[in-house]
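This report goes through a single protein chain.

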Amino acid sequence: MTKAELQDEIKEIIVSSLELEDISPSDIGADEPLFGEGLGLDSIDALELGMALKKRFGVVFQAGSAENKKHFASVSALADCILAQKG
């Protein structure tokens with residue numbers, strides 16, 4: 001799977017797992033911030049998204065890790081994290 005394909009799948013997971021009704025996967029930029037002024041997700045969304053990504057890709061995010069903020073910065077950062085864990 002290429003990074004671009006992975007990013008597309010992550011966008012679909014974001015929309016479906018968080019039930020974002022007014023946003024389609026194509027509306028989400030790969031480098032757009034997921035939290036704050038970007039997509040506007042919150043900590044509950046991060047938990048739900050983390051569980052969905054774990055279920056789909058088998059990746060693990062350490063609770064309370066400072067790395068999580070970096071991993072969840074954007075779709076591109078999540079893709080990099082998943083690719084790194086998948087080796």
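## Pocket, core and helices

By class, eight nonpolar, four polar and one charged residues make up the lining of the largest pocket. In this classification Ala, Val, Leu, Ile, Met, Phe, Trp, Tyr, Cys and Pro are nonpolar, Asp, Glu, Lys and Arg are charged, and the others, Gly among them, are polar. The model is predicted, so local features need pLDDT of at least 70 and side-chain atom pairs count only at pLDDT 80 or more, while totals for chains, interfaces and linings use all residues. Residues are numbered from 1 along each chain as its sequence is written, and side-chain values use heavy atoms, with hydrogens and water left out.

**The pocket.** The 13 lining residues of the largest pocket include Ala46, Leu47, Gly50, Phe61 and Asn68, which lie nearest its centre. A pocket is found on a 1 Å grid over the protein atoms alone, as an open set of points with protein on both sides within 12 Å along at least five of seven lines; a lining residue has an atom within 4 Å of a point. The space in the largest pocket is about 270 Å³, a volume being the space filled by probe spheres set on the points. Helix α2 (residues 43-57) gives the most to this lining, with six residues. Helices are DSSP runs (H or I, at least four residues) numbered from the N terminus.

**The core.** The largest nonpolar core has 22 residues, and Ile10, Ile14, Leu53, Phe57 and Leu78 have the most contacts inside it. At least two residues of this core come from each of α1 (3-17), α2 and α4 (75-86). Such a core is a set of buried Ala, Val, Leu, Ile, Met, Phe, Trp, Tyr and Cys residues joined through side-chain atoms within 4.5 Å. Buried means under 20% relative accessible area, exposed over 50%, and partly exposed in between (1.4 Å probe, protein chains only). Ile14 is in contact (heavy atoms within 4.5 Å) with Glu19, Leu20, Ile28, Leu34, Leu39, Leu49 and Val75, leaving aside neighbours within four places in sequence.

**Helix α1.** From its first C-alpha to its last, α1 reaches 20 Å over 15 residues, close to the 21 Å expected at 1.5 Å a residue. The expected span is 1.5 Å times one less than the number of residues. Leu6, Gln7, Glu9, Ile10, Lys11, Ile13, Ile14 and Val15 are the buried residues of α1, and they pack against α2 and α4. Glu19 follows α1 and is found in the loop between α1 and α2. The phi of Glu19 is near 50°, a positive value in a residue other than glycine. Glu19 counts as exposed because its relative accessible area is 64%.

**Helix α4.** Twelve residues form α4, which reaches 16 Å from its first C-alpha to its last, close to the 16 Å expected at 1.5 Å a residue. Its buried residues include Val75, Ser76, Ala77, Leu78, Ala79, Cys81 and Ile82. The elements covering them include α1, α2 and α3 (66-71). Just after α4, Gly87 takes a positive phi of about 70°.

| Residue | Location | Relative accessible area |
|---|---|---|
| Gln7 | helix α1 | 12% |
| Val15 | helix α1 | 14% |
| Leu41 | loop between α1 and α2 | 7% |
| Ser76 | helix α4 | 10% |

The contacts below leave out residues up to four places away in sequence. Gln7 is in contact with Ala30, Val75, Ser76 and Ala79. Gln7 and Leu78 are 71 residues apart in sequence, and their C-alpha atoms are 8.1 Å apart in space. Ser76 in turn is in contact with Lys3, Gln7, Ala30 and Asp31.

Val15 touches Leu20, Ile23, Ser24, Pro25 and Ile28. Leu41 touches Leu18, Leu34, Phe35 and Gly36. Leu41 and Ile14 are 27 residues apart in sequence and 9.9 Å apart from C-alpha to C-alpha.

Terms used
On a 1 Å grid over the protein atoms alone, a cavity is a set of points where a 1.4 Å probe fits but cannot get out, and a pocket is an open set with protein on both sides within 12 Å along at least five of seven lines; lining residues have an atom within 4 Å of a point.
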